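Let's walk through this structure together, starting at the ligand and then turning to a few points along the backbone.

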Amino acid sequence: MSKKYQVVKGFRDILPPESKLFWLAEKLARDLFARFGYQEILLPVLESYDLFACSIGTGTDIVEKEMFIVPDKKGQNLVLRPEATASVVRAYVEGLASQGPAKLFYFGPMFRYERPQKGRYRQFWQIGAEAIGYGGPGVDAELILLLDLYFKDLGLAEIQIRINNLGCKICRPSYREALVKYLTDNEAGLCEDCRRRLSTNPLRVLDCKNEACKTIAQSAPCPGEFLCVDCASHFEGLQRLLNLQKVSFQVDPRLVRGLDYYTRTVFEFQAQTGLGAQNAVVGGGRYDGLVEEMGGNPAPAIGFALGVERLALLLEQKISRSELVAGPEVFLIFSGEEAYRFAFQLLFLLRASGLYAEMAIDEPSRSLRSQLKFSDRIKSKSALIIGEDELKNKLLNLKLMESGKELKLEYQGLKNLANIDWEELKSHLQTPGFAYAGREYEQTLVQNRDLLKLLKIYFNELNKLEA
Ligand code: ATP
Ligand code: MG
């Protein structure tokens, strides 16, 4: 027997119907981003090692132990990107900065060498947005409100928003000093990682998942106590704007983010249930110094990244599997060779006209019974039965699966089906006589002798009934 291959550890296939959740997440994001003025940026998956070492910081988990390093043929180190903010900033400085501020979004896979567990994989998908060249709290509020709307639209209203302000290059140093002093006094109680972080990335100690470190972190000084006038007013400004929109959020004075580049506003969207320890669905924040550090003209900026796997886990709890598998609007059932040919042509007409239509396309001699079964199994909303008698009488039989209701459809011939004026059809649908489902419809339309019109209107009504 040939060898069976397995997916690489920590990586996974996103199979249907779960892939539908990703599609949903992406589709809604695209729609929302467009309305908020964010344009898509498509980035490479491979970047130089230095890009992340310099931006994210050498003392971070990502750079210290989570990067997938890929040496190229010249011995230069490339990495599979662990996140996209650094890439967006690189791309902005390289190709967009001359045009001024930019609001960008991306969708794509990220790679981190982590211990795989629920909600934590080595390849995972992120949807993110970055607003570069915007310094005021208005755009901070915009991003948070965008996400709030996004979760509400997905039916996930119970996600909690936490915000904090980490200070800027003026006030952060005195906070850092106070924090290091406090942590040094309590060093004996810290985990090994955090003792090292004390000199490399002390803020990260506040984000450690170790219980002993968490207890120490609870009494640590907070950045809020050290904010300069400008940072404090930025933070107040953001809260005022969020309150104006009546969005509920919590100030979490010890919220920090794991990467070096964050300044001022940081935020997280956390699920209260359903994700276990991996409850952060979105992480975001300001990085006012990064564009300049990466060789651009100084430009304040802010962004977020949303983990699609964690979002999918939450959506799975709301949307049933059967809702995800949408069956065809119509399944064509044929009996005999002539009927097969008729059905085959009709199938593509229906598809071209915007309907999801299906048939047993590669089995012209499949029995009626087995076709019906198949149609049932893939949850078709209706079945159009085409047999020899039906063709002779130019009368097809459309069966609505849920109600069991049957409709006789008269038609003149396939040729007529191709010449449908969809605009005219739409206008028909809008006239009062047509705005109501029921018999009246069927009779009027049968006089039109136009099968596709019938079908189209029929499915339109079907949707109305289901809505
Ligand atoms: P965590 O504290 O959970 O490790 P993080 O701070 O490393 O998160 P970010 O770098 O801010 O996460 O990434 C933003 C979002 O991406 C996270 O909130 C999460 O939803 C998702 N994410 C991060 N790492 C992973 C992973 N390994 N697998 C799946 N999703 C992830
Ligand atoms: Mg992490």
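Which helices and strands each supply at least two residues of the shell around ligand 1? They are strand 6 (123-132), strand 10 (280-286), strand 11 (301-307) and helix 11 (308-316). Here helices (H or I, at least four residues) and strands (E, at least two) are DSSP runs, numbered from the N terminus. Please keep in mind that this is a predicted model, in which local features need pLDDT of at least 70 and side-chain atom pairs count only at pLDDT 80 or more, while totals for chains, interfaces and linings use all residues. Residues are numbered from 1 along each chain as its sequence is written, and chains are lettered from A and ligands numbered from 1 in the order in which they are written.

Strand 10 gives the largest share of the shell, four residues. There are 18 residues around ligand 1, and F124, A280, G283, A305 and G307 come nearest; a residue is near a molecule if its C-beta atom, placed from the backbone, lies within 6 Å of it. By kind, the shell divides into six nonpolar, six polar and six charged residues. Ala, Val, Leu, Ile, Met, Phe, Trp, Tyr, Cys and Pro count as nonpolar, Asp, Glu, Lys and Arg as charged, and the others, Gly among them, as polar.

Now for the backbone. Most residues other than glycine have a negative phi, and most peptide bonds are trans. R264, in strand 9 (residues 263-270), has a positive phi of about 50 degrees. R264 is buried (20 or more other C-beta atoms within 10 Å), with 27 of them. Finally, a cis peptide bond with omega of about 5 degrees joins P16 and P17, and P17 sits in the segment before helix 1 (18-35).

Key. A residue is buried if 20 or more other C-beta atoms lie within 10 Å of its own, exposed if 12 or fewer, and partly exposed in between; C-beta atoms are placed from the backbone.
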